[in-house]
Number of protein chains: 2
Amino acid sequence: MLDVMDAPAAAIDAALKELGDILGTDGLTVDEGKVAEFRDPFAPPTGRWYEPGAVLMPASVEQVQEVLRVANAYKTPLWTNGQGRNNGYGGPAPRVSGSFMLSMRRMNRVLEVDEDSAWALVEPGVSFFDLHAHLKSSGSKLWMSVPDLGWGSIVGNALEHGVGYTPLGDHFDAKCGMEVVLANGDVLRTGLGGLENPRAWHVYKHGCGPTLDGLFTQSNFGVVTKMGTWLMPAPDCYMPGWLTLKNDSDLEVMLERLRPLMMNGTIPNQPMIINAVCAASAFWQRDHWYTGDGPIPEDVIERIAETPGFGRWVMRFALYGDERIVERQREIVSDALGTIPGATITFDKFDGHDLPEFENPHQRVQAGIPSVALDSMTRWYGGENGGHIGFSSATPITGRDGGAIRDLVRDQLHAAGLDYSGVFIVGKRSLIHVGLVVFDTADDAQTRAAYAACRTMVETAARQGYGEYRSHLDFMDLVADQYSFGDHAQRRFAETIKDCVDPNGILSPGKQGIWPKAYRTD
Amino acid sequence: MLDVMDAPAAAIDAALKELGDILGTDGLTVDEGKVAEFRDPFAPPTGRWYEPGAVLMPASVEQVQEVLRVANAYKTPLWTNGQGRNNGYGGPAPRVSGSFMLSMRRMNRVLEVDEDSAWALVEPGVSFFDLHAHLKSSGSKLWMSVPDLGWGSIVGNALEHGVGYTPLGDHFDAKCGMEVVLANGDVLRTGLGGLENPRAWHVYKHGCGPTLDGLFTQSNFGVVTKMGTWLMPAPDCYMPGWLTLKNDSDLEVMLERLRPLMMNGTIPNQPMIINAVCAASAFWQRDHWYTGDGPIPEDVIERIAETPGFGRWVMRFALYGDERIVERQREIVSDALGTIPGATITFDKFDGHDLPEFENPHQRVQAGIPSVALDSMTRWYGGENGGHIGFSSATPITGRDGGAIRDLVRDQLHAAGLDYSGVFIVGKRSLIHVGLVVFDTADDAQTRAAYAACRTMVETAARQGYGEYRSHLDFMDLVADQYSFGDHAQRRFAETIKDCVDPNGILSPGKQGIWPKAYRTD
């Protein structure tokens, strides 16, 4: 499989000349410093990694079409990204070094907000901060959903199956209606967007015929240029809560009690369950607690856990709605979870129509207000040189499964000499366990150990029945290898579609292990 | 475009011989009477309609693979159906007359029920009645979701974007994890089912890579052989409710008040709003009220509406969960909707863990208990010869849109001399308006008028921005024509995929306007 763009230098030069004519000086750069901003921010310090080529920034759908025309003509691959964050999974960097960066940052318009039906239509360069500012400045009464770091693209996050922490926190689920430029330049609108003048494109998720939206997520079949995203009316009452657990093994007990509360909607948002090391990393760097080599010892973790407000696990979650219903939900949650021996549970209560200026980032994000405060978590090792890889597995909400993935990730990271910093994000029926594999990017050996540990965990987890829901560039192929049922029927089907909708293989080759024909050895 | 299978008679004979060897006498029939059971039950009385060919009933995934191999060899098209209900949309009948019926009725096993995470894995021949019986006999504490007529296939219903009436009533949304046999015989499992031994296939909706499930709904890209479907723990309290509205124009007022209750989950199921004629059709045939020609007059509709328990519109809905929360939701709903002048609102309350034997079909289906009682609605005209076509449009939940689609459908049906029997099914952000176009199948002129009215409405509705979410065979192409954005980019994209995943065009040619290359004139 090819890892480096193999178009001849003359073709690349000719393509860049034509692209410059289309995009102008604002829309194309080959400046080394600017291109370097599109590297993986946590790349190993030495050696060649996933290297971006020239950066293209179209400003319109028509320019995207023109860019694709040129890329087809010269067979120069493009790697699409929205804002280009995606930290922990390779950032904006391409799987195939030298690919042109198709950055959507300049397509950053909020095209429409419907106050009644509560949705926004956005371009892929719109960040969570951008939409929030738009809602504020327009006097909207609607809330949005945001992930912990609000700098990313709303579209990019949804396409990567990302999450936020209001009741609309499943961002794949909260999208409704997309516009996609296909490799052949066709502009496809999904669902009811196929009508010339649709009334319900952003409220009903299907059209008549197959529902195509999922096809354009975590894939390389088109370039998404518009997306509807659902918002919510401000709730009368907003009640963020914290649960702390005293013992590591309380996790299993708690998950068994949490599952029914998620299934019946008593807790309507996506709670996050955070281990002691991860919680500490929001406030301190590692050397505040421990300066030794090897994984942080159990007695130090216990000391962190004993800090007021901490525990071996803490869970943030929130309730939303009519005050009397929220108060009853508080009782039910307290009875179910607060009664675990040694647990504490606390709540704050706010008028959803008149929120204060939250300083606490957890209170912000669960109210759909963007923040970047939790970026500090990646500075556990190495301070400003700190980095992380997301090792992110899906499991059922059971004590058995939550305990198993925790043990697996902890043991493998400890074997690699690394600390275990981990969170569970809780959905309606499933957990995403994110091993925040933290390391010092200035430490060559530790960086290599971190990437190696992830590759090992991909295979160990798959053998136990746990698949990654998202993946860093460095192990996308390995993750795809694990999806081997039916002699790799998933990958074969995806590549069959790839070959017919993008025959020149110009769109994000290698994304999620999907390679165009010219790059494959099959 | 070809409407009749054009394989040579010798090829058909040879194919049937091989298929007989594979399927045995239980699995293949050409008996005229049995084949006729697969006709559209509401076909016009004279002339050629959409005519089924031989009926194939595989009993295993391997037999499905073998059937596809033979169909590819002889280029004999198959029309897949689950239980073969789909009443109002052509029943089991094929778009291309003479297509072999690929009936999944014999693949009717409930493969697994997970009591903890609340899901079932079913084959496509499992009906709602079948799963309900399975849950009952196994002592399960879980509830399922059912449509008004419980005889259909759970898989088939979800693939057609069908609905039920519990909080899991969006059946597309409630599915999780599919197995699909592709035209080339590959067995594809979606999402985490790509792992060899997945723990979370039926609780997390994605894998790593594109989410493919939507591609296999309302389409002809594969044969679904397994599907996970979410169930729910029985709620402590089950409270079905009825709202009646005195005036036709109260609909608009009510929709404006209902929308926020749907968006914030105060009403968690999918309410159904029923007009007076439709409500009457559950209890009486038309001649009980009126025997004249032409549409039933306004004064007769008023008399129906004045019947105790009736109104110009009635809405059924239900609340589920903790009793105190449900009681508070009752208050909120009553304050918002019961205060419309002339409205009445009533509730019943049941212990969700110990339901009585409901006689009322509305109380049954909103508790996930299958029924076929409402089949009587199609007997409004013509009694046992009664039929209906579903004319089913998606709109936002607004007075403007609900009123517009009501006016459009009513006026066009009246112009065709037909009564207007209509319901709205209310989702989280959208309405599906179903014009139940009822007619007497023994009345040639009326039957033809009904089909003609639907074809006219497809175009009128599209001009106003309303698209069909599902369609009868007779106007599938016309509906697809309306999805014309980007010079019909949706259809072109679907047909591009069709040509590469089913190059011989054997799977359900013409389904939702998607035609294989050999049938197209492009």
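This is a predicted model: local features need pLDDT of at least 70, side-chain atom pairs count only at pLDDT 80 or more; totals for chains, interfaces and linings use all residues.
Helices and strands are taken here as DSSP runs, helices (H or I) having at least four residues and strands (E) at least two, with numbering from the N terminus. On that basis, H202(B) falls in the loop that joins strand 9 (187-189) to strand 10 (223-230) of chain B. A polar atom of the H202(B) side chain is placed 2.8 Å from the backbone oxygen of C176(B). Setting aside residues up to four places away in sequence, H202(B) touches W119(B), L121(B), C176(B), G177(B), G228(B) and W230(B).

The loop between strand 9 and strand 10 of chain B also takes part in a link between the chains. R199(B), in this loop, pairs with D401(A), in helix 11 (residues 399-415) of chain A. Their side chains form a salt bridge with an N to O distance of 2.7 Å. How exposed or buried is each partner? D401(A) is buried, with a relative accessible area of 0%, whereas R199(B) is partly exposed at 28%.

Turning to the interface as a whole, 86 residues of chain B are in contact with 86 residues of chain A. The two chains bury about 7,300 Å² between them, and 63% of this area is on carbon and sulfur atoms. On the chain B side, the residues that lose the most area to chain A are R199(B), R429(B) and F485(B), which together account for 12% of what that side buries.

The side of chain B that touches chain A receives its greatest contribution from helix 15 (residues 485-501) of chain B, which gives 10 residues. By class, that side has 39 nonpolar, 29 polar and 18 charged residues. One of the salt bridges joins E331(A) to R324(B), with the closest N and O atoms 3.1 Å apart.

Helix 15 of chain B also holds D487(B), a residue other than glycine whose phi is positive, near 55°. Most residues other than glycine have a negative phi. D487(B) counts as exposed, at 58% relative accessibility. In chain A, D487(A) likewise has a positive phi of about 55° without being a glycine. D487(A) lies in helix 14 (residues 485-501) of chain A and counts as exposed, with 60% relative accessibility.

Over all chains, the structure holds 76 salt bridges. In chain B, the side chains of R312(B) and E302(B) meet in one of them, at 2.9 Å from N to O. R312(B) sits in the loop between helix 9 (298-306) and strand 14 (313-321) of chain B, while E302(B) is in helix 9 itself, 10 residues apart. R312(B) counts as buried at 7% relative accessibility, and E302(B) is partly exposed at 29%. E331(B) and R328(B) make another salt bridge, with their closest N and O atoms 2.7 Å apart. Because they are 3 residues apart in helix 10 (residues 323-337) of chain B, E331(B) and R328(B) are separated by about one helical turn. E331(B) is partly exposed at 31%, and R328(B) is buried with a relative accessible area of 16%. In chain A, a network of salt bridges links D248(A), E252(A), R406(A), D407(A), R410(A) and D411(A).

In helix 8 (residues 298-306) of chain A, the buried residues are V300(A), I301(A), I304(A) and A305(A). Seen down the axis of helix 8, these residues fall within an arc of 145°, so they line one face of the helix. D299(A) and E306(A) are exposed on the other side. Helix 7 (276-281) of chain A is included in what covers the buried residues of helix 8.

In chain B, V458(B) belongs to helix 13 (residues 444-463) and is buried, with a relative accessible area of 2%. Beyond its neighbours within four places in sequence, V458(B) is in contact with F391(B), E468(B), F475(B), L478(B), V479(B) and Q482(B).

Definitions and conventions
Residues are numbered from 1 along each chain as its sequence is written. Chains are lettered from A and ligands numbered from 1 in the order in which they are written. Side-chain values use heavy atoms; hydrogens and water are left out. Contact means heavy atoms within 4.5 Å. Buried area is the accessible area (1.4 Å probe) that two parts lose on being put together, summed over both. A salt bridge is a side-chain nitrogen of Lys or Arg within 4 Å of a carboxyl oxygen of Asp or Glu. Ala, Val, Leu, Ile, Met, Phe, Trp, Tyr, Cys and Pro count as nonpolar, Asp, Glu, Lys and Arg as charged, and the others, Gly among them, as polar. Buried means under 20% relative accessible area, exposed over 50%, partly exposed in between (1.4 Å probe, protein chains only). A polar contact is a pair of N or O atoms within 3.5 Å; within protein, one must be able to donate a hydrogen and the other to accept it, and residues adjacent in sequence count only if both atoms are side-chain atoms. The arc is that of the directions from the helix axis to the C-beta atoms.
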